[in-house]
Amino acid sequence: MKRFNNKRPTMAAPGTQGRLRYFMGRALTNIRQNVFVNVVTVGTITLALLIVSLFLLLFVNLENAADTWSEKVQITVYFDKEPAPQEQSDLKNKIQALPATSRVTWISRDEAFKRFKTRLKGQETLLEGIRPEVLPASFEISLKKSSRGSEAVDAYVAKLKGISGIGEIQYGEEWVRRFNTFLTFMRIVGGLVGGFLVLAVIFIVSNTIQLTIYARRDELEVMSLVGATRLFIKMPFLLEGLLQGMAGGILALLLLLSVHLLFLHNAGNFLTFNPATAGLAFLPPEYIAGLLGAGAGLGFLGSLAALRRFINEITG
């Protein structure tokens, strides 16, 4: 029988608290005795979660940008002939009554001419001899946040066309459609990459735990022979995987924060805008908690995958 020279934690106190201390001590001892293997495992989890978190950070900022830009996407109803005040009021009330409408603004020909003149600041001479009557009056319609998707906008325009007296309608439907398609593509790519990394991490953690089990196979067989339950044998390894996953999650978030701050500090040198003032945000708290939970879960699942096979062999 193989002789064990390594000092193992003993059950210092009875009950649940004593068991937890014992299991944690065993898990930490396993980690100390297999430093290189555990460093490789934690590094792999860190790299996988860092890649996933980079996708999440990009997606969060794209979503924020989409919300900001979507506020500027307006539906404009043009009138060749400016309606009478009463007709204006009736049309505005009918448009405002549509469920998706957030705000309706009337733009008279004079107001439209002032805006046009402002955009040509420094070149006002181009407008000499041009009167406001050449520009159409219009309603500018802003939509609620929940109704800014391409399908929702199309449905809204269809309802708008059903209102009597509505003239030509223009909106950036192609831009909205392309940007939503891009966000959908990013979600799919992120999901595929994330799924692949999850499988890779579970495989690597599983193999790490298998190496630890092989190194201690004789000891585990003795524990089984003297009456140790499967849960008693498994728990230190499950905690070991859990600790590996949590360490990987924390390291991934620290690296991500470093990359984020470094980008904010230096991006102004090679971008045409300053990202620090552009509202680029770090991951919100719920995403951070999710990544930490994902790291712990991956470590736990990797340990569980290894133990299901080998503990069955050991305990017969």
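**Exercise 1.** How many bridges join strand 1 to strand 4 (residues 168–170)?

*Solution.* The model is predicted: local features need pLDDT of at least 70, side-chain atom pairs count only at pLDDT 80 or more, and totals for chains, interfaces and linings use all residues. Residues are numbered from 1 along each chain as its sequence is written, and side-chain values use heavy atoms, with hydrogens and water left out.

Strands are DSSP runs (E, at least two residues), numbered from the N terminus. Two of them pair if DSSP finds at least two bridges between them. Strands 1 and 4 run antiparallel and are joined by 3 bridges. Within strand 4, glutamine 170 is the bridge partner of threonine 76.

**Exercise 2.** Find the strand 3 partner of valine 77.

*Solution.* Strand 3 (residues 137–143) pairs with strand 1 in the antiparallel sense, over 5 bridges. Valine 77 has phenylalanine 139 as its bridge partner there.

**Exercise 3.** Describe the aromatic pair of phenylalanine 79 and phenylalanine 139.

*Solution.* Rings of Phe, Tyr and Trp (its six-membered ring) pair if their centres lie within 6.5 Å; planes under 30 degrees apart count as stacked, over 60 as edge-to-face and the rest as tilted. The structure holds 4 aromatic pairs. In this one, the centres are 5.8 Å apart with 80° between the planes, which is edge-to-face. Phenylalanine 79 is in strand 1 and phenylalanine 139 in strand 3, so the pair ties together parts 60 residues apart in sequence.

Note on methods:
Helices (H or I, at least four residues) and strands (E, at least two) are DSSP runs, numbered from the N terminus.
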